[in-house]
Amino acid sequence: MELELKKSKLQKAISMLDSEEDVNRVEKYLHRMVRREQPPCQYTIEELKKHLEEAEEDFRMGRYYTSDELRKKHPLCK
C-alpha cells in the first residue's frame, strides 16, 4: 500500500507542473531511471569516507574552484 501512496503523490506532483519543458525533463529522468539496471551509486561506507577525506584535504590545500570560477571557465553551465 505504501508504494501506491507514493505513486499517487508523484502523480499529484507531476500534475502541478505548468510547463511542457518541465514535464519533458521529468519524463526523460523517469525514463532513464526505469531503464537503469543498477543504482547509480554503489559506494561502500568506507569508500564514501575515503572520498570525503580526500575532498576535505583538497579543500584545505586550496585545490578547488568556487561556483563563480566554474561558471567563468564553463559559461554554458548555468
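This is a predicted model: local features need pLDDT of at least 70, side-chain atom pairs count only at pLDDT 80 or more; totals for chains, interfaces and linings use all residues.
**Helix α1.** Helix α1 covers residues 2–15, a run of 14 residues. From its first C-alpha to its last it reaches 20 Å, close to the 20 Å expected at 1.5 Å a residue. The helix is hardly covered: the count of buried residues among its 14 residues is zero.

**Nonpolar patch.** On the surface, a nonpolar patch is formed by Leu10, Ile14, Tyr29, Leu30 and Met33, which together have about 450 Å² of accessible area. The elements that give two or more residues to this patch are α1 and α2. Of the elements, α2 gives the most, with three residues. One of the patch residues, Leu30, lies in helix α2.

**Positive patch.** A patch of positive charge also gathers on the surface, made up of Lys28, Arg32, Arg35 and Arg36. Lys28 lies in helix α2, which spans residues 20–35.

| Residue | Relative accessible area | Class |
|---|---|---|
| Lys28 | 56% | Lys28 is exposed |
| Leu30 | 39% | Leu30 is partly exposed |

Lys28 counts as exposed because its relative accessible area of 56% is over the 50% cut-off.

Definitions and conventions
Residues are numbered from 1 along each chain as its sequence is written. Side-chain values use heavy atoms; hydrogens and water are left out. Patches are made of residues with over 30% relative accessible area and no salt bridge: like charges are joined within 9 Å, nonpolar side chains (Val, Leu, Ile, Met, Phe, Trp, Tyr) within 5 Å. Accessible areas come from the Shrake-Rupley method with a 1.4 Å probe; for residues, only the protein chains shown count as cover. A salt bridge is a side-chain nitrogen of Lys or Arg within 4 Å of a carboxyl oxygen of Asp or Glu. Lys and Arg count as positive and Asp and Glu as negative; His and the chain ends are not counted. The place of a charge is taken as NZ of Lys, CZ of Arg, CG of Asp or CD of Glu. Helices (H or I, at least four residues) and strands (E, at least two) are DSSP runs, numbered from the N terminus. Buried means under 20% relative accessible area, exposed over 50%, partly exposed in between (1.4 Å probe, protein chains only). The expected span of a helix is 1.5 Å times one less than its number of residues.
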